[in-house]
Amino acid sequence: MTNYIEYLCDLYVKYMALTGATEDELWARIGKQIKSKFRLKKRTRNHLSSERFLDLVDFLIYEKLTVTPVGKKHLRNGTKLCLSFDEFRRAV
């Protein structure tokens with residue numbers, strides 16, 4: 001599950017690279033947004049329980065990836081935004 005979350009976060013960083021922000025800034029931004037959304041305070045996204053996994057996946061895909069420039073293009077073209085969790089597990 002952790003690897004899938006890292007995959008989604010990495011996609012966010014790649015998709016947002018067109019905005020001109022540095023990779024470090026984007027990693028910090030997504031980390032802070034996850035901490036705020038899930039009220040983690042000093043803990044990281046890896047400290048979320050497995051019960052909240054689907055909530056985090058939904059947040060990353062529907063609230064973060066779909067609003068990136070690349071994500072919007074995928075939605076317009078009707079192409080897949082990312083691998084599903086099952087597809088990711090089979091690919092690894």
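**Aromatic pairs, a quick tour**

Buried here means under 20% relative accessible area, exposed means over 50%, and partly exposed is in between, using a 1.4 Å probe and protein chains only.

Before I go on, this is a predicted model, where local features need pLDDT of at least 70 and side-chain atom pairs count only at pLDDT 80 or more, while totals for chains, interfaces and linings use all residues. Residues are numbered from 1 along each chain as its sequence is written, and side-chain values use heavy atoms, leaving out hydrogens and water.

So, the rings. There are seven aromatic pairs in the structure. Rings of Phe, Tyr and Trp (its six-membered ring) pair if their centres lie within 6.5 Å; planes under 30 degrees apart are stacked, over 60 edge-to-face, and the rest tilted.

One of the pairs is Y4 with F85, edge-to-face, at 5.3 Å centre to centre and 65 degrees between the planes. Y4 sits in helix α1 (residues 2-16) and F85 in helix α5 (residues 85-91), 81 residues apart. Helices are DSSP runs (H or I, at least four residues), numbered from the N terminus. Y4 is buried at 2%, whereas F85 is partly exposed at 22%.

Back to F38 and F59: their centres are 5.9 Å apart and their planes at 85 degrees, so this pair is edge-to-face. F38 lies in the loop between α2 (23-37) and α3 (53-64), F59 in helix α3, 21 residues apart. F38 is buried too, at 5%.

Last one: which residues do ring pairs link into a cluster? Those are Y4, Y7, F53, F85 and F88.

Note on methods. Helix = DSSP H or I, 4+ residues; strand = E, 2+ residues; numbered from the N terminus.
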